[in-house]
Amino acid sequence: MRNLLATFGLLLISTAATAQGGDVYERSDGYQWPSEPLVVDKLHRWQDLKFGVLIHWGLYAQAGIVESWSIACESWIRRDTTQTYEQYKQWYWGLADEFCPTRFDPAQWADACRRAGMRYVLFTTKHHDGFCLWDSRETDFTVARHAFRDDPRRDVARHVFDAFRERQFMTGAYFSKPDWHSQLYWWDVYPNRGRNTTYDTREYPWRWQQFTTFTHRQVRELMTGYGPLDILWLDGGWVYPENHQDIDMPGLAAMARQLQPGLIIVDRTIRGPYENYQTPERTIPDRQLQHPWESCIPLSDDWGYVRRPRWKSAERVVGTLIEIVAKGGNMVLGVGPTPEGLLQPEVTERLDSIGQWLKANGRAIYGTRPTPHYQEGDNLFFTQSQDGRTVYALYRHPEGQPMPTELSWTQNLPARGARLRLVATGQKLKHRVDADGRLTVTLPKGLPRQSLAIEFAMPAKMQ
């Protein structure tokens, strides 16, 4: 009965977090390009991929609630009022003895993401709750030492990274800098103070140093035991020197890149040499940016598995991807496997639909470059080929609306005599240029109600 009541109460948390927006990161103010040539090279290759997946999975999936945050004491959190906070935390930690994903199938995940047209993966090796999805030697709070310990797949991260690498994905490890389970971060001598340490690190520098060492050792484990990794994606932007939580990023980065040359490091929201790309969460910048960035967008309202999700449609995801790429960014789509270890049919169906669109229109997305004039009106965007010879006009179809009979724009005009074609089919399109310089393209009848891409050559002087 206790677990039943707790679970019922926890269902409210996801709704409350969604309504409040949860912890939505703003991007940092400004950008500093990395100086290491190998990092810059890999960063450019990452920018060409355009579309990736961010997989949240852990104890919160077992409960079907918003990831980790329910154990923090913050104003937007709503918990079951029949338990004290300490009782709730013990219940949450106890989920480690229930989380036993016997149907764990990373090949299913990777196949579905590949069909979706995704090109890189970020996997949550550890969220803020401290539960490790690899066999860490630094703590017993790992998937490999609790309910799943007797399964040969217990070193979960290894199998996830291997499955995605086998399908030619660029691989990244999401890692939380804070660790709310560790006594070196949430020392229970003092009460919880939201997301930050329970103690003042200036009063207990020796304890903070122990946590810093613990963090470096865990990152070293990931950098040495799990094959080649391309990205270290560090969450927990409140862990930084000005907040008296200095985990020695220069030392951590040097160690990680010695073990993984060219590693992209994403120290979220902390402007400087270790935020190799910015990560606006649940949002798209209002203008084109000229440096690397990635919008993090969940497929539902939540990053991980919840019991009653509200899904975004495939068409909405495609439209979001179009805008992000036109503004010079990448998109990482968040999905969360079930407690048993599978992607739900609602997820795979949407991923398949997204992939079908990208299979037909991906030439206007992958490996493209931003154009100076990147948007006209609400739903028309532009990209260009790397050599600048071809421009792509991408129409983002508003859900539920009929298809237009014409599209028109005033800049990015094609070369004289150039043919305009649908990228998906190669069909030639009729067009005219009015006296005022406006190009109007006639769309064929019977087009499916979905976004589309048109390609054409630019004048030589514009290339």
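**Contacts, rings and sheets**

Trainee: Which residues does R207 touch, if we leave out those up to four places away in sequence?
Mentor: Not counting residues up to four places away in sequence, R207 touches Q183, L184, W187 and Y199. Please keep in mind that this is a predicted model, and that holds for everything we discuss here.

Trainee: And where is R207 found?
Mentor: R207 is found in helix α7, which covers residues 205-225.

Trainee: What does the charged end of R207 sit over?
Mentor: The charged end of R207 sits over the ring of W187, 3.8 Å from its centre. There is another such case in R79, whose charged end sits over the ring of Y88, 5.7 Å from the centre of that ring.

Trainee: Is R207 buried or exposed?
Mentor: R207 counts as buried, because its relative accessibility is 10% and the cut-off for buried is under 20%.

Trainee: Let's go to the aromatics. How many aromatic pairs are there?
Mentor: The count comes to 36 aromatic pairs. One of them is W93 with F141, an edge-to-face pair at 5.6 Å centre to centre and with 85° between the planes.

Trainee: Why does the pair of W93 and F141 tie together parts that are apart in sequence?
Mentor: W93 lies in helix α4 (residues 85-94), whereas F141 lies in the loop between β2 and α6 (156-165), so the pair ties together parts that are 48 residues apart in sequence. Both W93 and F141 are buried, and both belong to one aromatic cluster, which also includes W57, Y92, F99, F104, W109, F123, F131, F148 and F161.

Trainee: You mentioned α6. How do the axes of α5 and α6 cross?
Mentor: The axes of helix α5 (residues 106-115) and α6 come within 9 Å and cross at roughly 35°, and the crossing is right-handed. On the α5 side the residues that meet α6 are P106, A107, W109, A110 and C113, and their counterparts in α6 are H159, V160, A163 and F164.

Trainee: What does V121 touch, not counting residues up to four places away in sequence?
Mentor: V121, whose place is in strand β2 (residues 120-126), touches V53, I55, F164, F169, M170, T171 and G172 on that count. V121 is buried, because its relative accessible area is 1%. The C-alpha atoms of V121 and F161, which are 40 residues apart along the chain, are separated by 8.5 Å.

Trainee: How many residues of β4 are buried?
Mentor: Five of the five residues of strand β4 (residues 231-235) are buried. Both faces of β4 are covered, with I231, W233 and D235 on one side and L232 and L234 on the other. In general, side chains in a regular strand alternate between the two faces of the sheet.

Trainee: Which strand do five bridges join to β4?
Mentor: Five bridges join strand β3 (residues 170-176) to β4, and the two run parallel. As one example, the bridge partner of A173 in β4 is L232.

Trainee: Now the sheets. In what order do the six strands of the open sheet come?
Mentor: The order is β8-β9-β10-β16-β12-β13, and the pairing is antiparallel. The edge strands, each pairing on one side only, are β8 (369-376) and β13 (428-429). Helix α9 packs on this sheet, touching β8, β9 (380-384) and β10, and the direction of α9 makes about 55° with that of β9.

Trainee: How many bridges join β10 to β16?
Mentor: Six bridges join β10 (residues 390-395) to β16 (residues 452-457), which run antiparallel, and the bridge partner of T390 in β16 is A457.

Trainee: And the open sheet of three strands, in what order do those come?
Mentor: Those strands come in the order β11-β15-β14, again with antiparallel pairing. Its edge strands are β11 (406-409) and β14 (431-433), and the twist averages 15° from one strand to the next. Four bridges join β11 to β15 (residues 439-442), and the bridge partner of W409 in β15 is L439.

Trainee: Last one: where is S300 found, and is it buried or exposed?
Mentor: S300 is found in the loop between β6 (294-298) and α9 (314-326), and S300 is buried, with a relative accessible area of 4%. Leaving aside neighbours within four places in sequence, S300 is in contact with P309, R310, W311 and K312.

Technical notes. Residues numbered from 1 in each chain as written. Predicted model: local features only at pLDDT ≥ 70, side-chain atom pairs only at ≥ 80, totals over all residues. Heavy atoms only, no water. Pairing = 2+ DSSP bridges. Axes fitted to C-alpha atoms, helices over the stretch in contact; angles between N-to-C directions. Buried < 20%, exposed > 50% of the residue type's maximum accessible area, 1.4 Å probe, protein only. Contact = heavy atoms within 4.5 Å. Phe/Tyr/Trp six-rings, centres within 6.5 Å; stacked < 30°, edge-to-face > 60°. Lys NZ or Arg CZ within 6 Å of the ring centre and 35° of its normal. Left-handed = near helix turned anticlockwise from the far one by under 90°.
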